[in-house]
Each structure stands twice: as structure tokens, then as C-alpha cells.
Amino acid sequence: MRKSGTQSETFNKIVEASLQLFNQEGERVITTNHIAERMNISTGKLYYHFRNKEEIINELYHRYVKGMAEQLSAALNHNNSIEAMVMAMEKTLRHIWSFRFLPKSLPSLFCVNPQLEEEHQQLSRGQLNSKLGQLFASLREQGMLLVDDQQLAHLVQHFQMVQTGWVNTIKQNASAAELDKLIQSGCRSLMFLLAPYVSPRFQSPFERVFSRYA
């Protein structure tokens, strides 16, 4: 990848065009030639910014993880209500959908891109799990969740599994209306994970929010 202090407009357009193609067609069938053709540029110009498709995928992965971390940070800053927590869930699912090729392709990508697998261990499983753990720990401190440390760790693990696994149940090019319904279903599944641990004091507001996703 070309090293520079700032990313050029062409750099970002290559990333955006790649994301669109990967989401529409699947990462395996898209080549750098397809990306250059979509952008109406030469492959040489594309290779000026990225040496190969793997570098584009790495850039997309970093943007995916950054977006996830930003959603969790926002939830940490507004974690004083059930409504804010569920809104963060919904935004996170929409973000995952916008990068939907990645959760579906990661196992096969790891086989050809060991660097990506290493970064996944450090960033996704490390950084994101840590932030999610902080969020649940904060909710526990406020009395919203009644969990011990072991239950909290399992909750983080299962929450991440449901979040990233949810996108695999959706067809590649769902309509906006279909997506809205599926995001509601995804939020409901995540709330089911939390429900057993909600304290009696917060049970009423939790059920009120939950009913919106029924």
C-alpha cells in the first residue's frame, strides 16, 4: 500500500467501490480488475494505492473494527438508560450490515491472509471484547445487570457471536424494508441474552423497550 500522511480521494473511492462489490457479489469472485473497471481507472492506478486485493480487505477490516469500537464507545458514554443501550445495538447491527461480506468471509480470508487473522485476534477479539466488557461492567455498577465476573465474560462472548452471526442469516441484497425487520429481530435476540440478568429495578423499562422489538 502506498504510504502517505493522508488518504487520497482515489484511495477512499477504491475502498468504497470494493466494499460495494464485495457486499453485492461476494469477495471471492471480485478481482482488482473488477474494482478498477467499476471505478473506470487503470489497474496501474489502483496498484499505486494497493498492491493487491488483500490490502484493500485489510483496510476495510480496519474500518469495520473502528466503526464497531466507535459504537461501543458511544454506548459507554450514554449507558444510563435501557433505551440508549438498545439504540447502540441497532446502530451496531446496521454497521455490521454495511460490511456484511466480512463476517461471512473471515474464515476463508484467514487461510490466505495470516496477517488479517493475527489482527483479528488483537483487534476484534481483544479490543472489541474489552470495550463490550466495560459496557456490561458499567451497567452492572449502575445496578442494571446482575452478573458475576464469569457470567459477564460469557455474556460478552455470546453477545459478539450473536452480533456477527446475525448477518449470516440475511440474504446478500436484502431490501431496506427487509433489513429493518431483520435488525429488529437481531436486537430482540440480543435483548434475550440480557433479559435473565436485568435487575428487578430495571425490569419495567427493559420490558417496555423490548416490546418495541416484539
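A: Phe101 has a relative accessibility of 2% and therefore counts as buried, where buried means under 20% relative accessible area, exposed over 50% and partly exposed in between, with a 1.4 Å probe and protein chains only. The model is predicted, so local features need pLDDT of at least 70 and side-chain atom pairs count only at pLDDT 80 or more, while totals for chains, interfaces and linings use all residues. Residues are numbered from 1 along each chain as its sequence is written, and side-chain values use heavy atoms, with hydrogens and water left out.

The structure holds seven aromatic pairs, a pair being two rings of Phe, Tyr or Trp (its six-membered ring) with centres within 6.5 Å, called stacked if the planes are under 30 degrees apart, edge-to-face if over 60 and tilted for the rest. One of them joins Phe22 and Phe101, whose ring centres are 5.0 Å apart and whose planes stand at 50°, so this pair is tilted. The pair bridges distant parts of the chain, since Phe22 belongs to helix 1 (residues 9–25) and Phe101 to helix 6, 79 residues apart; helices here are DSSP runs (H or I) of at least four residues and strands (E) of at least two, numbered from the N terminus. Phe22, with a relative accessible area of 0%, is buried.

Phe136 and Phe159 form an edge-to-face pair, with 5.2 Å from centre to centre and 80° between the planes. Because Phe136 lies in helix 7 (residues 114–141) and Phe159 in helix 8 (residues 149–166), the contact ties together parts that are 23 residues apart in sequence. Both partners are buried: Phe136 has 1% relative accessibility, and Phe159 has a relative accessible area of 3%. Elsewhere, ring pairs link Tyr61, Tyr64 and Phe99 into a cluster.

Helix packing can be followed too. The axes of helix 5 (residues 82–98) and helix 10 (residues 203–211) come within 9 Å and cross at roughly 35°, the axes being lines fitted to C-alpha atoms over the stretch in contact and the angles running from 0 to 180 degrees between N-to-C directions. Ile82, Glu83 and Val86 of helix 5 meet Pro205, Phe206, Arg208 and Val209 of helix 10, contact meaning heavy atoms within 4.5 Å.

Turning to the annotations, the unreviewed UniProt entry places "domain: HTH tetR-type" at residues 8–68, a span that is 79% helix and 0% strand, with its end C-alpha atoms 24 Å apart. The unreviewed entry also lists residues 31–50 as "DNA-binding region"; over those residues the chain is 75% helix and 0% strand, and the end C-alpha atoms are 13 Å apart. UniProt positions follow the numbering used here, feature names are shortened, and annotations may be inferred rather than shown by experiment.

Asn40 lies in the loop between helix 2 (32–39) and helix 3 (43–49), and at 71% relative accessibility Asn40 counts as exposed. Most residues other than glycine have a negative phi, yet Asn40, although not a glycine, has a positive phi of about 60°.

Cys111 sits in helix 6 (residues 101–112), and with 68% relative accessibility Cys111 counts as exposed. From C-alpha to C-alpha, Cys111 and Met39 are 28 Å apart in space, and they are 72 residues apart in sequence.
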